[in-house]
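Visitor: I have a protein chain here and I'd like a quick tour. Can you walk me through it?

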Amino acid sequence: QAPVSVWDEEEDGATFTVTSRQYRPLDPLAPTPPPRSSRRLRAGTLEALVRHLLDARTSGADVTFTSALLATHRAFTSTPALLGLVADRLEALESHPTDELERTIGVAISVLSTWLASHPEDFGSEVKGQLDRLESFLLRTGYAAGEGVGGGSADLIRNLRSRVDPQAPDLPKPLALPGDPPADPTDVLVFLADHLAEQLTLLDAELFLNLVPSQCLGSLWGHRDRPGHSHLCPSVRATVTQFNKVAGAVVSSVLGATSTGEGPGEVTIRPLRPPQRARLLEKWIRVAEECRLLRNFSSVYAVVSALQSSPIHRLRAAWGEAARDSLRVFSSLCQIFSEEDNYSQSRELLLQEVKLQPSLEPNSKKAPRSGSRGGGVVPYLGTFLKDLVMLDAASKDELENGYINFDKRRKEFAVLSELRRLQNECRGYDLRPDPDIQRWLQGLRPLTEAQSHRVSCEVEPPGTSDPPAPRVLRPTLVISQWTEVLGSVGGPTPLVSWDRPSVGGDEVPEAPAPLLTRLAQHMKWPSVSSLDSALESTPSLHSPADPSHLSPPASSPRPSRGHRRSASCGSPLSGGAEGASRGTGCGGGGPGPGASDCRIIRVQMELGEDGSVYKSILVTSQDKAPSVISRVLKKNNRDSAVASEYELVQLLPGERELTIPPSANVFYAMDGASHDFLLRQRRRPSLATLGLTSSPSASGTPPSEGGGGSFPRIKATGRKIARALF
C-alpha cells in the first residue's frame, strides 16, 4: 500500500485538491519512482470552472468534472452565461499558438456535443445569441469549413440551431372535460387489479422518461413555491401531479364520494356499507401488490400513502371487515416505505430490483408473468427529491472566499446519475394502453383535503371510530363438559344473562339461584391481576339468600378493556345480546365486547448495539405468547427456536409495563390502552431470589399458586371450582 498525501493548491481563482501516492518498487535495490499525483477541482470562480472545462488535461485527470458541471450548472448560473464564457475563452486564445488553439477548440466541440446529447433541453431560444458568437468564431478561424480538428463543428452548429424550445412534458390530462359526467370512483371494482396496475405503470413510466433530472436539484425544486417560480421544474410537477391523482382516486373510491366543486359541501356521496368499503380497500391493496410486481414503486407508494391517510385510516368499521390476507399484504407494503433510517428499506429494495431480473415475491402464490410486460422500473421520485433538497440545505453554495463550492455539485451529480440510470432501466416496459381504464382515470374528480375529512366523519362519526369508552364488565365463567349441570339449570345449553345486576331476590330465577350463588364467589374479572387472587381472596361461601354477589363489587377495578377471558375449551355463560354484538374481521382499536377477533400490534425488539426496530404483527384471538414471539423473531431474521428465551411486554401509558405470561393468550391478555409491545430476553433471577421464591416457608402461597396467569394456574383454579360445586 502506497503512502498517500493530500493537500490543497490555489491557482488562477480555483482551489484544487491534490492527491499524491508514492509507490515503492518490489525490488529494494531498484530506484524509487516519482510519486503519482492527481488534481481535482474543489472550488473556484465561474471563469476558473470554464477554463478547467476547456483544459485538455481535465478529461484524463478529473473524469467527472465535465459531466457534473453540465448537469448542475443551472444551480449557480444560466446556460446562456455558461456558453458566453466558453465563447469568451475561445476568442481569448485566437492570439495564442495554433497548436494550443486547436486543442482547446477540439475540447470545446467535444464538450458541446456531449452537452447537446445529454441535456438537449438546455438549448432553447435564449441561447441563440451565444450560438451566433460560436459560429462566427469558427468561421473566422476557418474551423467551420471542415479544416483541422474542428471538421465536425459545422454539423454541430447546425444541430444546435435546429433545436427549438424544448417541449414541456405533457401534464396529466384534465380529470374531466366540462360537461362530461364525472367518473364513478367505485367503478374500480369493475377492472382487474393487474390491468389497472399496468395502466398506472404506463402513465408513470412515460412521465419518468420525460423527467429532466436537473430540474430535481434542491436549489430549483426547493424554491418552486416562491413568487415568480411557478414555471420551474415542469417535468417534476407533472410526476407529482400524477402521484396525487392516484392517491386521490384511492381516497375518493373508498369514501364513495365525488367532488362537484371546491367547497367542503360540494360533494356527491354514494352510500356504502362497511363490507362494501372493505372490498374497495382490498381492491386497492391488490392493485398496489400488482404495481409492486411491476416494479412501479411510485404507484405503490401513492396507494399506500392514501390508505394511511387520516380520512381512510380512521374507518375502523371498514378495516374490520377486510380480509386478513389483504391486511398482511398491506402491512408488508407499509414496511417497504417505512420512514425509518431515511427510507432505507425502499432504497435497498430498489437497488436489488435494478440488479436482478423481475421476479415474484418469495411467498407469492401467483404464477410467473409472461415477458410481454417487460422489465422496467419506476422509482418513487420523492426519495430523490428529498436527498437533493437535504444536500442543498446541508452544504453552502460558496466558500468564504466567494468560490463556487464544486464538491457540493459532485454530490448532487451522484444523485442525478442514479436517476439517469433508472431512466434507462425504465425503457424496458412493453405495455399497451387500455382506453376504458384511461378514460376512467381521466374522468375522476378527486376530493380536496377538507372534503375528504368531512365525508370521512359523515361515514363514521368521530364517536364511532374512536376506541370504545370503558364500561362495566360482565363477569364470565367458562364451564366445559358439565352438561349435566347445565341441564339441571334449564336445558342442554342454557344462557344466563348478566346484562342487569341483581338487586333483589325477586329478579333471580328460583331454579338456578343456589347454583348461581355458589358460582358467584368463584367468578373472575377479566383483568390480569385479579385472575390469580380472586379465588384466594374468598374465605368462605356466601349465604344463598344474598344475591348481591351476582353483580360486580363496587370496589372492584374497572379495566379499559371489555373482552371476556377464556381458559380451555367450552362456552362462556353470556347474554344473547353480547353474542349478537360481537364483530368480525380485523381492526386497529383496542379489544372490546364489540371489537374484532384480531389486532395489529407494533413490537419493538432490542437488537443490542444495532438499536431497535419495530415490526407490525397480526394477533388473532387464538395466538398464544410463544407463537407471537416466534413470528417477531422470524421478522427480525432471528432463530425462532430460541423463543423461550424471550418475553413479550406491553408498553402502557405512564411508562408502565405489562408482562405477558408465557402461555397466555396475547389477544385477551393485552390492555386496549396501547398497541406497543417490547420483545426482550428474559431476566434471569439471581440465586438469592430463587431461594426466596422457591421456599414454601418464605411465601404465604405455595409455588403452584403463585403470581403468573399461566395455563397450569388456570387449570388449578378450575379444579378448585369443581371441588366447591360437587
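Predicted model: local features only at pLDDT ≥ 70, side-chain atom pairs only at ≥ 80, totals over all residues.

Visitor: How many helices and strands does the chain have?

Guide: It has 29 helices and 13 strands. Both are DSSP runs, numbered from the N terminus: helices are H or I with at least four residues, strands are E with at least two.

Visitor: What share of the residues is buried?

Guide: Of the 726 residues in the chain, 44% are buried. Buried means under 20% relative accessible area, exposed means over 50%, and partly exposed is in between (1.4 Å probe, protein chains only).

Visitor: And what share of contacts joins residues 24 or more positions apart?

Guide: Such pairs account for 71% of the contacts with a separation of 6 or more. Contact means heavy atoms within 4.5 Å.

Visitor: Which residues touch the most other members in the largest nonpolar core?

Guide: Trp-284, Leu-307, Ile-312 and Trp-440 do, in a core of 121 residues. At least three of the core's residues come from each of domain 1 (45-164) and domain 2 (187-353 + 374-459). Those bounds come from an automatic or database domain assignment. A nonpolar core is a set of buried Ala, Val, Leu, Ile, Met, Phe, Trp, Tyr and Cys residues joined through side-chain atoms within 4.5 Å.

Visitor: What is Leu-307 in contact with?

Guide: Leave aside neighbours within four places in sequence. Leu-307 then contacts Val-250, Leu-281, Ile-285, Ile-312, His-313, Trp-319 and Phe-330. Another core, of 22 residues, lies apart from the largest one, and its members include Ile-617 and Met-670.

Visitor: Where does Ser-299 sit?

Guide: Ser-299 is in helix 12 (residues 297-308).

Visitor: Why does Ser-299 count as buried?

Guide: Because its relative accessibility is 1%. Its side chain makes a polar contact with the side chain of Asp-204, at 2.4 Å. A polar contact is a pair of N or O atoms within 3.5 Å; within protein, one must be able to donate a hydrogen and the other to accept it, and residues adjacent in sequence count only if both atoms are side-chain atoms.

Visitor: New topic. How far apart are Phe-65 and Phe-406?

Guide: They are 341 residues apart in sequence, and 9.1 Å apart in space, C-alpha to C-alpha. Phe-65 is in helix 3 (residues 65-72). It counts as buried because its relative accessibility is 0%. Among its contacts beyond four places in sequence are Phe-406 and Arg-410.

Visitor: And helix 18, how many residues has it?

Guide: Helix 18 (residues 406-426) has 21 residues. From first C-alpha to last it reaches 30 Å, close to the 30 Å expected at 1.5 Å a residue. The expected span is 1.5 Å times one less than the number of residues. Phe-406 and Arg-410 are among its buried residues.

Visitor: What caps its N-terminal end?

Guide: Asn-405 does, with a side-chain oxygen 3.4 Å from the backbone nitrogen of Asp-407.

Visitor: Which residue caps helix 19?

Guide: Asp-434 caps the N-terminal end of helix 19, with a side-chain oxygen 3.0 Å from the backbone nitrogen of Asp-436. In helix 19 (residues 435-443), the buried residues include Trp-440. Their cover includes helix 8 (193-209), helix 10 (234-255) and helix 11 (274-293).

Notes: Residues numbered from 1 in each chain as written. Heavy atoms only, no water.
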